[in-house]
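Dear colleague,

Please find below the structure that I am handing over to you. My findings follow directly after it.

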Amino acid sequence: MQSLSRSSILEAVLFAAGAPLPLSKLAEIIEVPEWEVQEALTVLERDIAAQARGIFLRRSAGGYQLVTHPSAFPWVQKLAEKIQPTLSSSAMETLSIIAYRQPITKQEVEHIRGVRAERSIGRLMELELICEMGRKPVVGRPILYGTTDLFLRSFGLAQIEDLPALPNIDDIKKTLDDDQLRLFEEMQGASDSTEEE
């Protein structure tokens with residue numbers, strides 16, 4: 001049986017993992033020092049680029065991951081449309097609020113949206129885009145929600161700080177209907193109050 005190079009072993013491990021793996025975990029798995037893993041990752045990245053493959057090596061959510069090459073996106077998107085459910089607009093609204101305001105309770109999401117969020121939160125939990133992050137230290141100790149590593153990977157973010165900044169309300173006021181404007185003002189107000197704390 002032909003022995004594999006370190007970069008090939010790393011490729012197999014990253015492919016099987018699916019999720020990002022930190023350098024320390026990769027070193028532990030293949031039982032070599034981290035600097036050797038780093039060298040092998042450099043070789044792997046170079047080989048993938050030289051062969052113009054449909055994947056590339058990306059640092060994401062605190063680790064390394066094999067992901068689809070952006071040029072292959074139109075075909076991968078067709079596959080995703082066949083096998084993955086899409087999010088409703090209410091679920092996307094809820095996800096956006098949670099992403100920008102985390103950790104946040106269901107009641108706080110509902111206050112910002114102006115409607116119940118139970119179903120949307122349940123769907124986002126089911127898809128593993130959000131998770132429970134503990135409980136707020138107030139009466140009733142409501143659950144706090146935040147985004148997951150799967151959320152980061154799904155939106156191509158290395159960390160939550162990479163979310164784009166909310167636009168200035170004056171720049172977009174004319175493009176929003178009354179409900180969208182109210183929602184945006186609630187999110188902006190909530191974001192400002194967090195910064196003051």
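Among contacts in the protein chain (heavy atoms within 4.5 Å) between residues at least 6 apart in sequence, 49% join residues at least 24 apart. The model is predicted, so to read it please note that local features need pLDDT of at least 70 and side-chain atom pairs count only at pLDDT 80 or more, while totals for chains, interfaces and linings use all residues. Residues are numbered from 1 along each chain as its sequence is written, and side-chain values use heavy atoms, with hydrogens and water left out.

The protein chain has 10 helices and five strands; these are DSSP runs numbered from the N terminus, helices being H or I with at least four residues and strands E with at least two. Of its 197 residues, 32% count as buried. Here buried means under 20% relative accessible area, exposed over 50% and partly exposed in between, with a 1.4 Å probe and protein chains only.

Helix H3

Helix H3 covers residues 34-50, and its 17 residues should span 24 Å at 1.5 Å a residue, which agrees with end C-alpha atoms 24 Å apart. The expected span is 1.5 Å times one less than the number of residues. Glu-36, Val-37, Ala-40, Leu-41, Leu-44 and Ile-48 are the buried residues of H3. Seen down the helix axis, they fall within an arc of 140°, so they line one face of H3; the arc is that of the directions from the helix axis to the C-beta atoms. Trp-35, Arg-46, Ala-49 and Ala-50, on the other side of H3, are exposed. The cover over the buried residues includes helix H1 (6-17), helix H2 (23-30), strand S1 (55-60) and strand S2 (63-68). Just after H3, Ala-52 takes a positive phi of about 45°.

Helix pairs

Two packed helices are described by the angle between their axes and the distance between the axes. The axes of H1 and H3 come within 8 Å and cross at roughly 85°. This makes H1 roughly perpendicular to H3. Axes are lines fitted to C-alpha atoms, for helices over the stretch in contact, and angles run from 0 to 180 degrees between N-to-C directions; under 35 degrees counts as roughly parallel, over 145 as roughly antiparallel, 65 to 115 as roughly perpendicular and the rest as oblique. From H1, Arg-6, Ser-7, Leu-10, Glu-11 and Leu-14 meet Glu-36, Val-37, Ala-40, Leu-41, Val-43, Leu-44 and Asp-47 of H3. By class, this contact of H1 with H3 has seven nonpolar, one polar and four charged residues. Ala, Val, Leu, Ile, Met, Phe, Trp, Tyr, Cys and Pro count as nonpolar, Asp, Glu, Lys and Arg as charged, and the others, Gly among them, as polar.

For helix H5 (residues 89-101) and H7, the axes come within 9 Å and cross at roughly 75°. H5 is therefore roughly perpendicular to H7. Ser-90, Ala-91, Thr-94, Leu-95 and Ile-98 of H5 make the contact with Ser-120, Ile-121 and Leu-124 of H7. Its residues divide into five nonpolar, three polar and no charged.

Loop residues

Gly-114 lies in the loop between helix H6 (106-113) and helix H7 (118-126), and counts as exposed at 53% relative accessibility. Thr-148, in the loop between strand S5 (143-147) and helix H8 (149-154), is buried, with a relative accessible area of 15%.

Yours sincerely
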